[in-house]
Structures are given as C-alpha cells and as structure tokens.
Amino acid sequence: MLITNIKGLVGLHPKDKLVLRGNELSDLPVLENAWLLIEDGLIKDFGEMSSIPSQISNFPSQVSAKGRYVFPSWCDSHTHIVFAASREEEFAMKIQGKSYEEIAAAGGGILNSARKLQKATEDELFQSAAQRLKQMILQGTGAVEIKSGYGLTTESEIKMLRVIRRLKDQFPIPIKATFLAAHAFPAEFKNNHQGYIDLIVNDMLPLIAAEKLADYIDVFCEKGFFSVEETDQVLKAGARYGLKPKIHANQLSVSGAIAVAVENGAISVDHLEESNEETIATLKNADTIVTLLPSCSFYLGIPFADAKGFIKAGLPMALATDYNPGSTPSGNMNFVISLACIKMKMFPEQAINGATLNGAAAMELSKDYGSIAVGKKANLLITKPMPSIAYLPYSFGESQVDQVILNGEIYNG
Ligand SMILES: N=CN[C@@H](CCC(=O)O)C(=O)O
Ligand SMILES: [Zn+2]
C-alpha cells in the first residue's frame, strides 16, 4: 500500500529510539507533505511528495491522505477489558459523593466484578471483551495490554487469562497479558491475607506459567488492598516464573509501592495520582516507566497525576486508558490524550509521544511499534482532515480517527 499526499507523517523517531525520557517527550518529529510505502505489513519507506521516486508513484494500491495526518497507532499499556458486567449502579453512588474506598467497602468495586465474572462462561467473556477491543481499535489503538484480576479464584483467574489468549489469537494487534490476582482480597480471605497470597503463589502461578498465560505480574498496592510487604512477596514469586512486574501504585495514597516496584525491576508503575519528591527520587535512576491514566482521575474525581513534575525530572512517561468497569469505563485513547493536555498541562507532542512510543515501551513492544520508522510494523491511523496536530487533543470528545491500518491492511472491524 502507498499512502500519498499526507499532510503530516507524525512520530518519525529513529528506529533505535525505544523510549523517551523527560524533555525528549517534547520532540515529535513530523514530515510534511509526505508519502509512505508499506510492504508485507511493514513500513518500507517514506519521503516528501516533491521527491517521490517514479517507480513508487505508479504503485497499484494507493490511498490519498490529502489534508490528513498519519500517526503510529495508539499503544494502550494498561487495561482491564475482560469483565462480565458494567457497574453503572456505582455511578449513582459516586454522584452522591461516595468515594472509591466507600463503594468498595459497601460491596461494590472489584469484589462486585469478581462475583459476576466467576459466574460467566469463557465464551461470554470472550464475546464481550472482543466487542470492547474492536471499538478500541476503531478509535486508533493498535497494541494493548490486558489484565486478569476480576477472577480472584484459581479457576476464574485462569479463565480470564485464557480469554486474553483467545483475543491474542484472533486480533491482528499485539496483546500482552498481565496476571493480577493480587487485585483485591476475596471476602473469605479478608482476615487471612497470607492464605490468599499462598493461593496465588502456590496454586495459580505454577498453572499460569505451565500454560504460558501471562507476560507480566501486577499488584494493586494500596491501603485496604495489598501492603508493600505483600506486594513484594507476590512480585518475587512472579519473578521465579519469569513474570516482570507492572504495578498499580499511588492511586489513592503515597506508599512504598514505587520503591518496591523499582527494586523488583518493574517495567512500569501505573496511576501515581498521588506522588511526592521521594516518588520522583526513587524513579530517577530507574528504567521503570511512569504510566499515567488521566481518564481514571476524570471519572473518579481524584487528583490528576503530576505529569509536568515527572517530565521535568527526566522520567519516561506513558499514557494509557485503564479501561475497566469500576474506575474508567472508557477505552478511548483520543480522550486520554485530550485529558493529558487539558488537565495535566502536557503539550500535544508530549501526550502523543506518551500514547505511542512510550506506551509501546511500557509493553516492551517499542522495537516494532509506536513510531514511524523503516522496518517497523505498519500499525497506523489516518485522521480526518485537520488543520494541525494540536487539533486532535483540542477537539476533545470528537474522534479525528478516520481509517485504521493494521499490519499494512485497512481494518474495518
Ligand atoms: N485500582 C485498581 N484497579 C482498577 C479499578 C478496578 C475496579 O474498580 O474495578 C484501576 O486501575 O483503576
Ligand atoms: Zn488498572
């Protein structure tokens, strides 16, 4: 496929640039009035229209992108899209002013989702997750991470991970699976935390490793959920099976979650709506990516993360949706990018880099995804006609994504 007359080809980072730290996030290289050639699902070449080689200009399969931009697909590195039912009954409680913790304590929250998921069949879960994933792809997402964590029993955690594996087999995008049994303590383990951790370590992990069902391990390290010591135990057990950590940290309070994640070689620490100087100091000399989830802040009405502080400190920062039924019922990366600009005061260039190359890095996919470079996978989106790149986050709530290309082919769902 040859795409011609592209108003701006966005995200032309050198192929060996695998992650952007601090000020590097402000640099979003763009080639104006460009062409892009795709062969065998890969980016074969690109250049300016004024110097398009004649053998290329006669290429049989051409798409004109006049007035439109071409971006690398969004890389959404934090989602929980396998769930049995929505939780809009909690929406009214939120509107009445109940906090996330109060809703969880009243029988809502993660345990509510777990009760419903335990009753659902693998097929039902697959069908509904596939619908969600299809919508996300049509909104521009071309790589995704998906977590378990609404099973909370051996059988149901494995059921969730098998659903994720079926999604991997059936969708034309890369999918990473994260094992998150340490999402909440089931009611029967409320006063026996070690009993549940033993179940994760001795029962679940060996089975998951034997079936190769997960790439990463995650823990919700938070007051009322998993303590720092409990998090450490679970991460160390995961490491014995080759699972690297990506953890939920500092969502509702500052804790030692960041330190324990860094010590255990975490690929990313996600949320960080709460942070302080120590948070930044702990991350400064690490490779751990800070993944921010602004649509979670928007929906729960909790603080937005200190994106500017993290960037100023030179940290690698990514953006993701956190799509889940409780704290973020949306998988729209376009809205995440808008919120990052509007609420976290990120510049459009920083937000777009966070949603592409750094999102890919937070899934260890940035060798092949997240920027436009010769030899990388042709997972792209073509916008509607737009006056500028900043128009995409500016026009929040209205999709500017017109066409989605995955492995060099137009995707229609
Ligand atoms: N914080 C923990 N997990 C999810 C929310 C889970 C839920 O409420 O169902 C999150 O990332 O926000
Ligand atoms: Zn999450």
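In which handedness of crossing does helix 13 pass helix 14?

Tutor: This is a predicted model. In it, the crossing of helix 13 past helix 14 is right-handed. Helix 13 covers residues 333–344, and helix 14 covers residues 348–355. Their axes come within 9 Å. They cross at roughly 140°. An angle over 145 degrees would count as roughly antiparallel. Helix 13 and helix 14 are therefore oblique to each other.

Now the residues that make this contact. Helix 13 contributes M333, V336, I337, A340 and C341. From helix 14 come P348, A351, I352, G354 and A355. By class, nine of the residues in this contact are nonpolar and one is polar. None is charged.

Next, another helix pair. Helix 5 (residues 122–138) packs on helix 6 (residues 154–170) at an angle of about 50°. Their axes are 9 Å apart. Helix 5 and helix 6 are therefore oblique to each other. Their crossing is right-handed. On the helix 5 side, the contact uses E122, L125, F126, A129, A130 and L133. On the helix 6 side, it uses K159, M160, R162, V163, R166 and L167. This contact holds eight nonpolar residues and four charged ones, with no polar residue. E122 of helix 5 takes part, as do K159, R162 and R166 of helix 6.

Helix 6 has a further partner, helix 7 (residues 193–210). Here the packing angle is about 35°, and the axes are 10 Å apart. Helix 6 and helix 7 also make a right-handed crossing. T154, E157, I158 and L161 of helix 6 meet L199, D203, M204, L207 and I208 of helix 7. Six residues of this contact are nonpolar, one is polar and two are charged.

Now the ligand. Around ligand 1 sit G109, I110, S113, F220, H248, Q251, C296, D322, N324, P325, G326 and S327. Helix 4 (residues 109–119) gives the largest share of this shell, three residues. By class, the shell has seven polar residues, four nonpolar and one charged. D322 is one of the residues around ligand 1, and Asp counts as charged.

Finally, the domains. Across the boundary, 29 residues of domain 1 are in contact with 36 residues of domain 2. On the domain 1 side, helix 16 (391–394) and strand 15 (401–406) each supply at least two residues. Strand 15 gives the largest share of that side, three residues. The side of domain 1 that touches domain 2 has 16 nonpolar, eleven polar and two charged residues.

Back to your pair. Helix 13 and helix 14 cross at roughly 140° in a right-handed sense. Their contact has nine nonpolar residues and one polar.

How values were computed
Residues numbered from 1 in each chain as written. Chains lettered and ligands numbered in written order. Predicted model: local features only at pLDDT ≥ 70, side-chain atom pairs only at ≥ 80, totals over all residues. Axes fitted to C-alpha atoms, helices over the stretch in contact; angles between N-to-C directions. Helix = DSSP H or I, 4+ residues; strand = E, 2+ residues; numbered from the N terminus. Parallel < 35°, antiparallel > 145°, perpendicular 65-115°, else oblique. Left-handed = near helix turned anticlockwise from the far one by under 90°. Contact = placed C-beta atoms within 7 Å. Near = placed C-beta within 6 Å.
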